[in-house]
Amino acid sequence: MQTAHTPYATRALRHPGRSTTLPSPYRAIFSAPGTVGFSTAGFLGRMPLAMMGIGIVTMISQVTGRYGLAGALSATLAVSAAVLGPQVSRMVDRYGQRRVLRPATLVTVVAVAGLLVCAQQELPEWTLFVFSAAAGSVPSIGAMTRARWATIYRGSPRELHTAYSFESIIDEVCFIFGPIISIGLSTVWFPEAGPLLAAVFLAVGVWWLTAQRATEPKPHPVEQHSGGSALRSPGLQVLVAAFVATGTIFGAVDVVTVAFAEEEGHKAAASLVLAVYALGSCAAGAVFGLLHLKGEPSRRWVVGVCAMAVSMIPLQLAGSLPFLAVALFVAGLAIAPTMVTTMALVETHVPRTKLTEGMSWTGTGLAVGVALGSSAAGWVVDAHGAAAGYAVPGIAGVLAALVAFLGYRRLRRPVPTREGQRERDSQGSAEPKREGHVA
């Protein structure tokens, strides 16, 4: 009988009579039944992450011509998602993905539909803000798929590392193509097309994902959820704080790059330059997943955060779009490896009963940072020009590195919890000699 503590790929290699050629690590992780299905569903469900915000901005700017209103609505959606997302994930840990994600998705889809109707009918502005806030109940699909990988490859760090790397690749693919699709549809077809397709992707992805019950992590009884929020973990607090600074980098780079391209007379090229930024992260994530890394994940994480900070230095020297594209590609190389290591650390510092919530908190940190970075960068660009705006991600990188250094001691060893200790005790007594188990 297959167990979660024995890697599927390892068992295949040990099977007598089979080829001794080592398969690709990515091919190996998909040897587990159901992984292709939930990964594909997760990809569809994650597309709105990169489509909805920019789709709302494009729609509102076309319908009303007011970029200030468009930005305010996008920020409302981001803040709402940052507040509601971890709460949705917390309920998932308690009641399961299917019971929570479908109602939450239904609320989001109805809210997006209401937003589109209000915009098209030119109803009062307050209705736009109400529906934008309600749409923030969108579930964190990336956390849901990562939780499934963590269940399948529990006790198999190498396979889990590859799985998390694959998830980071999917994230970057969404951010490369999502904005292009959303902006393209809203400008070529009709203004509401981008957000509308994002809602369709979300509904199809979530319903498909939750229909796959075999790989769904089992919910934990309410009595196991002691100790309050997952954010009480000191290690998770460090990760979230660093991700606020990291999100500030992302938000600022997006805004300043658009302004820089406009000053250069090629505003349309901004989307291509930002796609190169995501492409660098995608390439690094693909390579990172092939590596068999040793040593402390906390040390790799600090190195990754510092690399992201250092990569902001060349942006201060950007004088042309080609130079900027190269600098952003190099800067992107540090993103995916850092994200992958972050998820590994979340799993270490958060009890398994709160794993989905813990992963969602990192997304909340990013969302808050993106909102801060966008606002700060916009102010600097208006006051001093686009080139000066790159100082914002530079300063944010320094802050992220400081948080990483100051929090390193918290990350070196996970803080013991009653839930985690009971789980380790039960595993140790029940399966003391299981082959392939990693303590």
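Figure 1. Over residues 417–439 the pLDDT stays under 50, and the model has 24 contacts for them beyond four places in sequence. Where pLDDT is low, the predicted coordinates should not be read in detail.

Figure 2. The protein chain has an average pLDDT of 78, with 85% of the residues scoring at least 70. Among its elements, helix H9 (residues 193–210) has the highest mean pLDDT, at 92, while helix H1 (residues 8–14) has the lowest, at 35. Residues 1–23 have a pLDDT below 50, and this stretch has 40 contacts in the model beyond near neighbours in sequence.

**Figure 3. The whole chain, for orientation.** What is the protein chain built from, helices or strands? There are 18 helices and zero strands. Buried residues account for 51% of the 439 residues. Take the contacts in the chain with a separation of 6 or more: 83% of them are between residues 24 or more positions apart.

**Figure 4. Asp-171 and its two arginines.** Searching the whole structure turns up four salt bridges. One of them pairs Asp-171 with Arg-46, whose closest N and O atoms are 2.8 Å apart. Asp-171 sits in helix H8 (residues 157–188) and Arg-46 in helix H3 (residues 35–64), so this pair ties together parts that are 125 residues apart in sequence. Asp-171 also forms a salt bridge with Arg-146, again with 2.8 Å between the closest N and O atoms. Here the link runs between helix H8 and helix H7 (residues 141–152), with Asp-171 and Arg-146 25 residues apart. Are these residues buried or exposed? Asp-171 and Arg-46 are both buried, and Arg-146 is buried as well. Through shared partners, salt bridges join Arg-46, Arg-146, Glu-167 and Asp-171 into one network.

**Figure 5. The salt bridge of Arg-213 and Glu-216.** The side chains of Arg-213 and Glu-216 meet in a salt bridge, 3.1 Å from N to O. Glu-216 counts as buried because its relative accessibility is 11%, below the 20% cut-off.

**Figure 6. Helix H8, end to end.** Where does H8 have a kink? The kink lies at Phe-177, shortly before the proline Pro-179, and is about 30 degrees.

**Figure 7. Inside the largest nonpolar core.** This core holds 107 residues, and the ones touching the most other members are Ile-60, Tyr-277, Trp-301 and Leu-324. Helix H10 (residues 234–263) supplies the largest share of the core, 15 residues. Leaving aside residues up to four places away in sequence, its contacts include Ile-249, Phe-250 and Val-253. Met-312, Leu-328, Ala-331, Gly-332 and Ile-335 are also among the residues that Tyr-277 touches.

**Figure 8. Gly-332, a buried glycine in helix H13.** Gly-332 belongs to helix H13, which covers residues 321–332. Why does Gly-332 count as buried? The reason is its relative accessibility of 0%. Not counting residues up to four places away in sequence, Gly-332 touches Tyr-277, Gly-280 and Ser-281.

**Figure 9. Thr-108 in helix H5.** Thr-108 is part of helix H5 (residues 97–120). With a relative accessibility of 2%, Thr-108 counts as buried. Which residues does Thr-108 touch, not counting those up to four places away in sequence? They are Ala-135, Ser-137, Val-138 and Leu-202.

**Figure 10. Glu-122, out in a loop.** Follow the chain past H5 and you find Glu-122 in the loop between H5 and helix H6 (125–134). Glu-122 is exposed, with a relative accessible area of 64%. The backbone is worth a look too: phi of Glu-122 is near 55 degrees, a positive value in a residue other than glycine. Most residues other than glycine have a negative phi.

Technical notes. Residues numbered from 1 in each chain as written. Predicted model: local features only at pLDDT ≥ 70, side-chain atom pairs only at ≥ 80, totals over all residues. Heavy atoms only, no water. Helix = DSSP H or I, 4+ residues; strand = E, 2+ residues; numbered from the N terminus. Buried < 20%, exposed > 50% of the residue type's maximum accessible area, 1.4 Å probe, protein only. Contact = heavy atoms within 4.5 Å. pLDDT = per-residue confidence, 0-100. Bend = angle between axes of the 7 residues up to and from the residue. Core = buried A, V, L, I, M, F, W, Y, C linked by side-chain atoms within 4.5 Å.
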